[in-house]
Amino acid sequence: MTSNNSHFVAPMDETPLLATDALKNEDAPLSLWVDAWRKLRRRPLFIMSALLIMALTVIALFPSLLSTVAPNDGCELANSEGGPSAGHPFGFTFQGCDIYSRVVHGTQASLSVGVLSVICVLIVGVTFGALAGFYGGWLDTVLARLGDIFFALPLILGALVITQLPLFRTNKSVWTVVLVISLLAWPQMARITRGAVVEVRNADFVTAARALGLSRFGTLVKHVLPNALAPVIVLATLELGVFIVAEATLSFLGIGLPEGVMSWGHDIAAAQSSIRTTPEIMLYPAAALSITVLSFIMLGDAVRDALDPKSRQR
Amino acid sequence: MRDKKMTISDVQVDEADYSGIRPLLEIRDLAITFKTSGGDVQAVRNAHLTIMPGETVAIVGESGSGKSTTALAAIGLLPNNGAVSHGQILLDGEDIAHATEKRMIELRGNTIGMVPQDPMSNLNPVWKIGYQVKETLRANGRPSGPDDVAQVLSEAGLPDAHRRAKQYPHEFSGGMRQRALIAIGLSCQPRLLIADEPTSALDVTVQRQILDHLDTMTTDLGTAVLLITHDLGLAAERADKVVVMYRGQVVEAGPSLALLQNPQHPYTKRLVESAPSLASRRIQVAREQGLEASDLLAPVAEAAASDQVLQIQDLRKVYKLRQGLGKTTAFAAVDGVSFDVKRGTTTAIVGESGSGKSTVAKMVLQLEKPTEGKILFDGVDTSLLKSSELFKFRRRVQPIFQDPYGSLDPMYNIYRTIEEPLRVHKIGDKASREKKVRELLDQVALPQSSMQRYPNELSGGQRQRVAIARALALDPEVIICDEAVSALDVLVQAQVLNLLADLQANLGLTYLFITHDLAVVRQIADHVCVMEKGKLVETGSTNNVFESPQQEYTKALLNAIPGAKLMLPPEVA
């Protein structure tokens, strides 16, 4: 067997020798966010949900762009449960109000409750979670038990109790609902933040920063938190949708937004009486609610895929 | 032209067929293509490989060279997006490059066995070891009673096999897990065993035991072995033939000793030159100006104190391990360690995992408090430093960590990473800091254009150079390298070691070098401290320790360096 003991050498020109460990310098620099954005903008799921959310935001900010009819004006009982007609594409409610206008004007309440609740939850949850995860010890134990107490409260029961407190019974507003939702939902955010922080806090780059002379709090703010943000952002996007549903649920039960504020939850509740005769009265606000929630959840999914560290190039 | 060669070798194979010595595995002109979102990527091209029955062949190459992919193709376990796009894989004359899944299942275990790379993740944690062996035996239609299982395990060198078979993977150490995996791989007495970096996650002495045992077993059974490794010394010591792969191609193949002594391809030459296990002396710095440079160094406090920059005296670190409610047991990670570090030299602390060497480094860095003992830096007891003095101390002692993927903040670009120490210590203004960063990048031989890049765009070696630049930013006197080159490919490792040696000569740096790799120690250290289970067992100059080790443990460590006993002509080594 000559082939077995022969000394094979590949021709030099076939595999030219490259400089050891040369830097690939042709592409533009990629930060985590730039990389995530590049992945996102190729995803149809993201494009669709982003367009929907943009449209919803515009509607929420300027409802009069789409509907010239004020939601509570010109309700005439003569039009009760009336079908679509010129200027009133969705028809009329039991009270004879324009459904289209009510659906358009309901966007504002839903989105503002969602966005404000998420901001509150982020402030409380991220602060508590980061402190608990980074410092550990008794602080972690106290904050974890505190979170567990709120975790154990069911949303609707908790909301019933809180809204019946003397302080809130008389002056209900968007803020009451935001407070109820934030109070019951921050532990989830705190847990996710805590987990992400615990994962990052022992990384070598954190130790290196401490060896440079950065204070412990300094490393938390400058190195640990920015690296723990990805799951927090994903959860925040998903929770936006969840909070909008929660607001609608509370309003449906009559313990959410006050009567004067337009809300899809109210309209769905009011449409119950006519569900057998004219189900489309309920259909429109319900569809608006579903589309809004769905678009936030789709956005959350897309963002999660884009920020997934496993898919990052090394 | 290649076509012509192919036909010749075809004829040869046919002839060999008649004479009865047919190669067990022959890979001809193999190409493997992966489908990725960025288009097709050819991971392996023109790969040739022949393994005769009972022979050991090693594939050597750096990460990404295609060595594992080639081996996985031979056992039909390529990832779903990969496929053999050209060439043949002949197992005993049968082309299995495109064999059906059914046929491959028949072959796996019985004819081709596999020992995977990472013993920590390749055993299923929810099943007992015995069950996992039994599963293999049963799948290949062999007797699988408790006694058979125990026999297979004890053949792989696990003592008390009946009891061990009833344990779960987490009750096994790394070496024992690897033995269990070898037992599984060899349980059905395959004719070919593919061992993919079987010992790279283990300590050197364990590595040696395992490889010795694997040798004996495969010789007894007459099994051919395809050994995949990044370590040229290990390959040469264990294999009859060595195949060197580079960028997806086989660049050189031949009998191992001949190939080492007389490398032909420039890549192989480079590999042989930089393999730490084959080198025999300290890196000689290109610019021999160490003395002048250290004279220029920042004013040294006192002539008397100047010599020993670090003095470590009776250092002890005891951890309390929690054992149930309220009960703790003391565990001495570091136990009575004393040594001195001379200014401008390199002192290496060597030990296996769990020897306490990293804990010493953390205490010197003031990231952990010693339980007992003193660390004197320039004659000053560091435990008495006030926080403002500690802040100044941090400027003078800087670390470089092991994991190049973990030691840089992924959210910071290279500029911010290297600038951070300057900002923390409020040195200079924006313009002067940028100038300093550019200088540092030059010092570690990275292009200045890489400043805006992020760590994920750099290779391991490049990241490690960024980490070195960050450590140098404050003009420290002492740098503590905690396994700073262990995770790097051989050539990159040599490059980083050379860089460290150059910097030492130019800046008069003192290194405390923590490592498990004695081969690296010989290349870079002046003094060695050998640690075992928290205790210092031997100290001395590198030459003394390597030439006449006094302690049994040190001898065992030295013997375990793969390729240490290979006799190479001096001009190669």
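Two residues are in contact if their C-beta atoms, placed from the backbone, lie within 7 Å. Keep that in mind for this talk.

First, what we are looking at. This is a predicted model, where local features need pLDDT of at least 70, side-chain atom pairs count only at pLDDT 80 or more, and totals for chains, interfaces and linings use all residues. Residues are numbered from 1 along each chain as its sequence is written, with chains lettered from A and ligands numbered from 1 in the order in which they are written.

Let's take chain B. It has 22 helices and 20 strands. Helices (H or I, at least four residues) and strands (E, at least two) are DSSP runs, numbered from the N terminus. Of its 573 residues, 49% count as buried. Buried takes 20 or more other C-beta atoms within 10 Å of a residue's own; exposed takes 12 or fewer; partly exposed is in between. Now take the contacts in chain B between residues at least 6 apart in sequence: 70% of them join residues at least 24 apart.

Next, the domains. Chain B is divided into domain 1 (3–111 + 227–274) and domain 2 (296–559). Those bounds come from an automatic or database domain assignment. The C-alpha centres of the two domains lie 40 Å apart. Six residues of domain 1 of chain B are in contact with four residues of domain 2.

On to the core. A nonpolar core is a set of buried Ala, Val, Leu, Ile, Met, Phe, Trp, Tyr and Cys residues joined through C-beta atoms within 7 Å. The largest one here has 234 residues, and A180(B) is among those with the most contacts inside it. Helix α4 (residues 99–135) of chain A gives the most to this core, with 15 residues. Where does the core lie relative to domain 1 and domain 2 of chain B? Both domains give residues to it, so it lies between them.

Stay with A180(B). Leaving out residues up to four places away in sequence, it touches L123(B), I129(B), L153(B), A156(B), L158(B) and F172(B). A180(B) is also one of the buried residues of α7(B). That helix is mostly covered: 12 of its 13 residues are buried. What covers them? The cover includes β6 (112–115), α4 (129–139), α5 (146–155), β7 (192–196) and α8 (204–221) of chain B.

Two of those covering elements, β6 and β7, take us to a sheet. Strands pair if DSSP finds at least two bridges between them. Seven strands form an open, mixed sheet, in the order β1(A)-β10(B)-β9(B)-β3(B)-β8(B)-β7(B)-β6(B). β1 (8–9) of chain A and β6 of chain B stand at the edges, each with a single partner strand, so one side of each is left without a neighbour in the sheet. β6(B) and β7(B) run parallel over four bridges. There, I112(B) stands opposite L192(B).

Now a hairpin. β1(B) and β2(B) form it, with two residues between them. Strand β1 (residues 25–36) and strand β2 (residues 39–51) of chain B are antiparallel, over nine bridges. L30(B) has A47(B) as its bridge partner in β2(B).

Last, two backbone angles. Most residues other than glycine have a negative phi. N46(B), in strand β2 of chain B, has a positive one, near 45 degrees. Q366(B) has a positive phi too, near 60 degrees. Q366(B) sits in the loop between α14 (357–364) and β14 (372–377) of chain B.
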